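These are my notebook entries on one structure. I recorded what I looked up, topic by topic.

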Amino acid sequence: MSDVAVGISGFSVFVPPYRVRLEDWCQWTDNSWDKTSAVIGNSFRMVGPDNNIYTMAANATLQLIDDYDIDPQRVGYLAVGTESGSDNATSAAVVVRGLVDHGLLERGKPPLARDIEAPEFKQACLGGMYGLKGALRYVTTDGSDRVAIVAAADIAEYSRGSSGEPTQGAGAVAMLVEREPQMLTIDLTASASASRYRALDFRKPFLRYCGQTPSYDGRPRDFPVFNGKYSTACYIDETLSSLSAFFDKREGSHVDYLRQLSGTFMHRPYNRMPISAWAFAYLFALGADGGQAHEELAEYCATAEVELSEVLDEMQISPDLGARALQGELADQAYPLTAQLIKPLRKSPAYAEVVEGKLKLGSTVMMEFGNLYSAALPVWVAAGIQEAARTGIDLTSADFLMIGYGSGDASEVMAVRATDGWQQAAEKINLDSALEGAIDLDEAQYAALHDGDEVLDLPVIPRSGFVIDRIGDQDDADFQDYGIEYYRHV
């Protein structure tokens with residue numbers, strides 16, 4: 001690890017109360033519940049008319065300050081990672097700091113420091129990881145006597161009837177970052193990056209908004225332009241590329257390193273995706289090591305009736321999926337020969353130990369969140385650390401990987417280690433209270449809320465926090481506030 005210990009000392013999570021149970025959704029849409037529950041999860045959350053990414057991030061941030069007794073004046077860096085903002089000029093972090101200041105003053109506390117740095121990070125689902133990396137650099141260098149807060153907040157929504165519909169979700173997470181962290185240290189010197197332009201993977205061009213009639217709640221629908229199987233291929237390839245860069249910084253066996261990890265947390269658009277990507281990572285580690293690792297890989301090749309030499313050759317070439325897409329070829333697989341080894345791998349002891357076993361911590365509760373885009377990875381880390389603390393798993397000095405991904409494409413790998421006494425900070429993680437009070441929607445309520453129509457019978461429960469009070473509609477020569485949200489603290 002690096003000489004200066006930096007990392008995460010706390011997590012706080014916020015999700016809106018409106019929930020769609022995927023078992024109900026399967027009945028509405030005539031989909032298989034058995035398949036959906038195994039591949040996707042159990043449920044997802046939706047924002048109501050009074051929430052957006054700014055209110056969710058502010059709610060998570062204010063809760064973090066309360067739960068971890070943070071002096072607001074010591075916060076020198078507040079970053080927000082999102083791809084769901086409603087303003088194309090102002091940093092989401094500036095809006096969030098304004099809301100948080102209001103909430104702090106109402107509590108009789110001082111506001112955040114005026115000299116705070118407040119950037120927004122956008123790279124699809126990787127924005128939160130980029131924000132975290134910026135915060136780690138801040139507390140390592142010019143902010144060494146201050147603390148940083150990173151919030152990640154997003155609204156994942158897809159057109160009804162699309163393949164992405166069951167992978168929706170909404171929520172936010174805030175992280176406390178500082179020197180001498182109380183929960184997780186992160187070694188920036190061992191971190192690794194990868195990026196490549198993918199053209200048609202997953203995009204949100206502004207042209208989608210053109211011609212949209214303002215919905216009842218005033219929020220434009222943010223349905224992405226995406227190509228499902230091609231996007232999966234991009235996810236796997238970019239993850240493998242960042243892992244390759246990570247291993248380039250290390251000596252020794254790739255497989256041995258994966259085996260000694262106490263866990264791995266990855267970007268999680270739905271339950272099956274990180275499992276599939278991590279299975280590829282294990283196969284590529286076998287390919288990189290040689291010796292006995294090649295003997296194991298050869299067994300999978302023999303079962304799949306694929307030549308080992310051809311698989312090894314394939315692993316050496318990173319396919320240019322973006323260039324092929326621009327020529328009209330959307331690849332279903334980045335590494336088609338290696339993909340044939342997944343089936344025999346699933347039947348091996350290594351799959352249970354190194355693939356499923358390394359992704360276990362926190363995975364059960366994550367089935368309830370849906371896709372949180374930039375917040376999905378850090379919420380999974382919070383869930384895993386909390387589960388370990390509650391079940392008596394001692395993670396002291398245990399090593400983990402955090403692997404982020406953002407469509408388009410880019411990926412980040414961070415080496416993480418649990419600190420001494422991590423349990424005390426883990427006990428403050430608020431996942432239980434964040435998930436409490438869920439309001440299950442029926443089919444008509446879901447359709448109306450999804451499409452931006454008025455939901456006359458939408459249940460409302462008293463809940464403290466920031467909400468949208470109204471949206472400006474003035475566009476006169478002497479005063480303009482059209483589309484600008486006004487907020488209040490309940």
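At what angle do helix α8 and helix α9 pack, and how far apart are their axes? I found an angle of about 130° between α8 (residues 272–289) and α9 (residues 292–304), with the axes 7 Å apart. I took axes as lines fitted to C-alpha atoms, for helices over the stretch in contact, with angles from 0 to 180 degrees between N-to-C directions. Helices (H or I, at least four residues) and strands (E, at least two) are DSSP runs, numbered from the N terminus.

I note that this is a predicted model, in which local features need pLDDT of at least 70 and side-chain atom pairs pLDDT 80 or more, while totals for chains, interfaces and linings use all residues. Residues are numbered from 1 along each chain as its sequence is written, and side-chain values use heavy atoms, with hydrogens and water left out.

**Helix pair.** I classed α8 and α9 as oblique to each other; angles under 35 degrees count as roughly parallel, over 145 as roughly antiparallel, 65 to 115 as roughly perpendicular and the rest as oblique. For the contact (heavy atoms within 4.5 Å), I listed Tyr-282, Leu-283, Leu-286, Gly-287 and Asp-289 in α8 against Ala-293, His-294, Glu-296, Leu-297 and Tyr-300 in α9.

**Cores.** I looked up the largest nonpolar core, which has 144 residues. Such a core is a set of buried Ala, Val, Leu, Ile, Met, Phe, Trp, Tyr and Cys residues joined through side-chain atoms within 4.5 Å; buried means under 20% relative accessible area, exposed over 50%, partly exposed in between (1.4 Å probe, protein chains only). Phe-11, Trp-278 and Tyr-282 have the most contacts inside this core. Helix α8 gives the most to this core, with 12 residues. I also noted a second, separate core of 16 residues, including Leu-22 and Val-455.

**Leu-126.** I located Leu-126 in the loop between β5 (120–121) and α5 (127–140). Is Leu-126 buried or exposed? Leu-126 has a relative accessible area of 0% and is therefore buried. Not counting residues up to four places away in sequence, Leu-126 touches Gly-404, Tyr-405, Gly-406, Ala-410, Ser-411 and Glu-412.

**Backbone entries.** Most residues other than glycine have a negative phi, and most peptide bonds are trans. I recorded a cis peptide bond joining Gly-408 and Asp-409, with omega about 15°. Asp-409 lies in the loop between β12 (399–406) and β13 (410–418). I found a positive phi of about 50° at Asp-69 and of about 60° at Glu-305. Asp-69 is exposed at 68% relative accessibility, and Glu-305 is exposed at 74%.
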